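Subject: Structure handover

Hello,

Here is the structure I promised to pass on. Please open it first, then read my notes below.

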Amino acid sequence: MKMISKLQQGVLLIIATLFVPVRAQINLALHGTVEQETTYTDASGIDYTANLAIEGPANNNWEDGCSATAVNKATAWWGLFLPRLAYITNVKSYYRKDAPERMNGFRLYLGNGSVYSYVEICYSDWTNQAYLNLNQSIDLDNNPTKNIYFFNRHTMIELCYIEIYGCWKGTWGPNCTTDCPVECIGSHCFPQNGSCIWGCDVQKCNHGECDARTDVCTKGCVQGRGGRYCTFYNTVYNRTAKQSLTGPSLSANVLTDGNTTSCIRIVSTSSKSYMQIGNESLIVITGVYLFFGDMNPPVGIHKVYCSNTTDSWADGTVLYNAEYHNNDTDVFAVCKYIIYIPPILNGNSKIDICEIEIGGCSYGKYGDRCELTCPENCMGLCDLITGNCVLGCSVGWLGEKCDRACDEGKFGDQCLRDCPANCLSSSCDYMTGKCKAGCKKGWQGFNCTEECNNGNFGWNCSETCDGCIVNECYHINGDCKIDSVCKPGYVYGKYCNQKCVSGYFGFNCAYLCATCFNQSCDIFEGNCRVGCNDGYRGRKCETPVSAESSAIIRFGFFIGGSASMFVVLLIIWMVINARRRILKKQDSRKAINDSHSNSNEHYADIMKMEGLSAYQDLAKQTVTVSNDYDQINNTYVNQ
């Protein structure tokens, strides 16, 4: 239980006896410095300094570390000093369990000077009951302050752990991340709900009208703001609205104009009655506030849906389904259309609805006025206040705003995967895992997980092991898997990569093609490339030929060569003769060409084509004769 007495211009007295956890604001004790008037030192020389009270652990055990002032002093105090003004909402303290009576009669001071000047008392243990509350929680509602003191006389201040919750002046809400409404005088608002402490500034309310009693802008918020205390950005401000009701004379757009004095009077409804506010794109919705006129009470059940289908709420998300309460409703949804369903009216019932205000931002935006863009690496939407990614990060990114790439050696979703072991260096693309510097020897593929294809090895799999049996070698170093022998045409070794030198062939290059002309043969089977030495014939020139047969062969070559020469000379004579005939025909047409130039050009082209055709026919005959001779010669040699 607690008793609060709020005095004029800020003196506040609170008496608290129950422990109530507070987590809405931030622990300001971690954002300032701490001191105490004196410090107790035990017989072992251990100092019980002021910072032990904020370091934890959160228990009452002296042996775990508690702050303590020196004994036998007229006064004792422990203080927290903040860098700027803050509103304190709660103080939670853990006292020493084996000597709790030493805290009896303590007082809690707030101030902006020393403990002995310009302070206001916000709590006092008048009845010396502190020893009964080892874990004490004190709620506060006071002026902003920079310092907070635990004070006592003729005893010690011993704090095993302390948490001091509140918000910096000008902020409110969970973690104090929301700015106070712009219409609050001096940006002073309550940390719990954002309502103005010293009232609203009339210059920041619509039409400059503010209710000093309720701190509410009586004719609505400034443009773009919404909510009972104008604490959120109204994402449907000035959006197009429509209605299915009959009777209202005003356009449905008055529901989004920000003016709470222009209303639509609903006098009759049915199960199909609705009002809809449309958006060009998706919006992220975090709050709903309905404003009704005060001439007719808004009785009945009011419903608000979030839908992605115009004029339909069948598959929509329910944002509001209750009797009217004059407060903001916290929700969460993503959609394009807001649809309000009024209650079924009976008899002479009437409803005056003035504003439908929806807190949130367009999808992909955040900030006090939704002026900022969500981080590009967010997986979906971001927090509308901080911009932190709500649904996690895209592949390859980390951090609250997904602005940090994976550490070196990591990649993938949440950076949980290790870069491939076969990358040449430890780094890889933080999104795909592709090796940046390429692959180690013997590996290939997008992320170096594939061995070289059969027959290849080494860097980029660019080397070949053609000399290995069936081209099988180890993909890294090229050693033949079958290391007892190499293919014919290669010198034996673990790589089988040295071809036979000229004149040798076969397994381990052990055979000499001595009877081939100029010892020229292929390295695999020893077939002669340019013929045989005298006295041999066959593909490998292994078959001896007698002197008589050799003479016949030579004579055949002579006859064949002579015949070839004769054919060549005959062809040359025929080409020259044909060209003479062509030239003669061209001379006979010269006179005609002078008088009929166009005809002559056409005729000359024809003659040129005829001459070329004749030459090509002769060339074909020459090739045919030559090929026939080669076939005869090869047949004879290989007999």
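Which residues have the most contacts inside the largest nonpolar core? They are Trp78, Val91, Phe150, Leu159 and Ile162, in a core of 33 residues. A nonpolar core here is a set of buried Ala, Val, Leu, Ile, Met, Phe, Trp, Tyr and Cys residues joined through side-chain atoms within 4.5 Å. Buried means under 20% relative accessible area, exposed over 50%, and partly exposed in between (1.4 Å probe, protein chains only).

Two points on the source. This is a predicted model, where local features need pLDDT of at least 70 and side-chain atom pairs count only at pLDDT 80 or more, while totals for chains, interfaces and linings use all residues. Residues are numbered from 1 along each chain as its sequence is written, and side-chain values use heavy atoms, with hydrogens and water left out.

Several elements each supply at least two residues of the 33-residue core. They are helix H1 (52-55) and strands S8 (75-95), S9 (107-111), S10 (119-124), S12 (145-153) and S13 (158-168). S8 gives the largest share, 8 residues.

Helices (H or I, at least four residues) and strands (E, at least two) are DSSP runs, numbered from the N terminus.

Now take Val91. Leaving aside neighbours within four places in sequence, its contacts (heavy atoms within 4.5 Å) include Leu108, Ile148, Phe150 and Ile162. Gln136, Ser137 and Glu163 are also among them.

**Two loop residues**

Asn104 lies in the loop between S8 and S9. Is Asn104 buried or exposed? Asn104 counts as buried because its relative accessible area is 18%. Not counting residues up to four places away in sequence, Asn104 touches Asp125, Asn128, Gln129, Ala130, Tyr131 and Asn152.

Glu371 sits in the loop between strands S27 (365-366) and S28 (372-373). Its relative accessibility is 40%, so Glu371 counts as partly exposed. The Glu371 side chain reaches the backbone nitrogen of Arg369 at 3.0 Å. Cys361 is 10 residues from Glu371 in sequence, and their C-alpha atoms are 9.0 Å apart.

**The whole chain**

The protein chain has 4 helices and 40 strands. Of its 639 residues, 43% are buried. Among contacts with a separation of 6 or more, 54% join residues 24 or more positions apart.

Best wishes

Terms used: Polar contact = N/O pair within 3.5 Å; in protein donor to acceptor, adjacent residues only side chain to side chain.
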